[in-house]
Amino acid sequence: MSDDFDLNTSWDVVICGAGAAGCAFAISLDSKLSVLVLEKNRRTEMGHDWVDAVQIKLLDGSPLLKYINSIGGAHPVVFYSPNGKHEMRASLASGTRDVDRKDLAKNLVSAVEKAKNITIIFEAVVTNPIVKSGKIEGIEFRKDDKEFKVSSRLLVDCTGFSAILRKKLAKDFGFLEQTPPEDTFVTKKKYIKNFMLESQREYKIYFGRHGGIQWISSLSDDYVELFAGVIANSSTFTPSQLITELEDELAERYGNRVDFTPTRAEGGAPIPTRRCVDKFCEDGFLLIGDSACQAEPITGSGVASGMLGAEIAADVVNDIFRKKKALTKKELWRYAKTWIDKIGGEYASTDLLRRFLLGLTEDDIDFIFGNRIMVETDLASVLRGEPVKIGFISLLTRLIRGIKRLDLLLQINQALSRSKTVKSLYLNYPSEYDEDEFNAWVKKTHRIFIKYR
């Protein structure tokens with residue numbers, strides 16, 4: 001159903017945002033529940049016009065997998081130091097596949113529209129959550145220059161990076177209000193026709209150059225993807241300027257074989273590159289997807305992790321409705337605990353190392369790559385959110401290679417140690433909501449992360 005609703009009806013669930021997480025949550029809910037989905041964009045505007053590396057392994061065994069059509073295989077990656085002289089080969093997290101975001105959006109929105117218990121309204125701009133006596137009870141939104149109010153038993157923020165409802169509710173309910181600049185990448189992607197021979201193709205990532213990450217991926221038969229991302233407010237270069245720099249590199253190497261005419265719409269967006277927010281729920285309210293900062297911290301890809309969050313949240317919500325319990329923070333809490341146990345601990349560990357590495361100078365990173373202070377297995381562990389394990393002989397060898405920068409070696413060792421501590425802390429996220437226990441957990445985690453701002 002779409003664009004046909006009764007304003008006098010109270011909805012079981014109102015979802016703000018029809019991206020991957022919002023749609024996945026809607027279609028995972030029990031068909032007996034009345035569900036309203038509010039989406040600001042037109043039907044024809046759904047989905048970014050780009051390809052994402054999606055960690056579909058997170059959804060193994062999930063019925064949501066049928067909506068994801070893979071257009072590419074696993075990713076062997078070559079990481080280059082900022083000066084381009086040193087490299088390390090690794091792979092992105094296992095089970096990663098290329099997915100066309102337009103195609104994914106079409107599949108998910110179609111499933112939402114086919115569901116008899118779900119109503120989706122496009123071009124509906126959410127404005128304010130309805131809060132009465134400290135309880136979240138619904139949402140105000142605008143469509144066709146008219147103002148509307150609907151009530152809900154559960155209100156869900158799936159508005160992505162903008163996190164409209166989270167920000168509105170932050171002061172009264174203790175949510176993160178603004179994603180800090182150091183946790184935000186401003187990005188741009190460009191696609192051009194692939195001109196490379198099979199033997200020349202690679203996924204080439206510049207790590208730490210200009211305080212961010214840039215890549216040239218030529219693994220597809222059809223296109224070459226150029227990407228530039230920098231930490232917000234920290235670089236003297238814009239993503240557009242860095243895309244031009246990548247184009248200059250290709251032009252210098254391949255000459256007139258390169259046609260820089262875009263084959264897709266050029267675009268970019270701010271993305272959260274950080275650990276998840278501290279809490280995902282309040283009485284009658286949930287955060288799912290990028291609004292909960294559930295994206296992978298290195299690449300910012302949040303499709304699979306957001307859909308995983310949607311599926312876990314739906315399981316919890318369905319169980320609460322089935323048992324006819326109230327949708328309280330106490331009952332909803334296990335959604336956060338389950339998601340963090342599955343992937344949040346790994347992402348938090350990765351986030352700390354990302355912060356540390358991107359806080360180094362380009363010369364520092366060149367030194368680490370050039371002297372093999374970090375090696376391929378270390379990088380693969382970081383990308384998987386696993387502890388970096390270094391044997392005694394390997395440690396001794398690295399100490400000899402890096403003796404000129406003993407200060408840097410000590411910093412690396414400290415960051416690796418803290419990353420293990422962070423993962424352990426997240427795997428000990430409170431299993432039930434207790435205000436004192438939760439606040440103590442928040443203080444411990446923030447105390448570690450504040451060192452890497």
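The points below take up salt bridges, then cysteines, then a charged surface patch.

1. The model is a predicted one, and the salt bridges within it number 34. One of them joins the side chains of D12 and R153, with an N to O distance of 3.6 Å. Because D12 belongs to strand β1 (residues 11–16) and R153 to strand β11 (residues 146–157), this pair ties together parts that lie 141 residues apart in sequence. D12 is buried at 14% relative accessibility, whereas R153, at 44%, is partly exposed.

2. A salt bridge also links R201 and D221, whose side chains meet at 2.7 Å, N to O. R201 sits in the loop between β12 (184–193) and β13 (203–207) and D221 in the loop between β14 (212–217) and β15 (223–231), so that parts 20 residues apart in sequence are tied together. D221 is exposed, its relative accessible area being 58%.

3. Salt bridges also link D183, R274, R275, D351, R354 and R355 into a network.

4. How many disulfides does a search of the whole structure find? The search finds zero. For C276, the nearest cysteine sulfur is that of C293, 8.2 Å away, and this is too far for a bond. C276 is buried, with 2% relative accessibility, and C293 is buried as well, with a relative accessible area of 1%.

5. On the surface, a patch of positive charge is formed by K443, K444, R447 and K451. K451 is placed in the segment after α11 (435–449), and its relative accessibility of 48% makes K451 partly exposed.

Methods: Residues are numbered from 1 along each chain as its sequence is written. This is a predicted model: local features need pLDDT of at least 70, side-chain atom pairs count only at pLDDT 80 or more; totals for chains, interfaces and linings use all residues. Side-chain values use heavy atoms; hydrogens and water are left out. Patches are made of residues with over 30% relative accessible area and no salt bridge: like charges are joined within 9 Å, nonpolar side chains (Val, Leu, Ile, Met, Phe, Trp, Tyr) within 5 Å. Accessible areas come from the Shrake-Rupley method with a 1.4 Å probe; for residues, only the protein chains shown count as cover. A salt bridge is a side-chain nitrogen of Lys or Arg within 4 Å of a carboxyl oxygen of Asp or Glu. Lys and Arg count as positive and Asp and Glu as negative; His and the chain ends are not counted. The place of a charge is taken as NZ of Lys, CZ of Arg, CG of Asp or CD of Glu. Helices (H or I, at least four residues) and strands (E, at least two) are DSSP runs, numbered from the N terminus. Buried means under 20% relative accessible area, exposed over 50%, partly exposed in between (1.4 Å probe, protein chains only). A disulfide is a pair of cysteine sulfur atoms within 2.5 Å.
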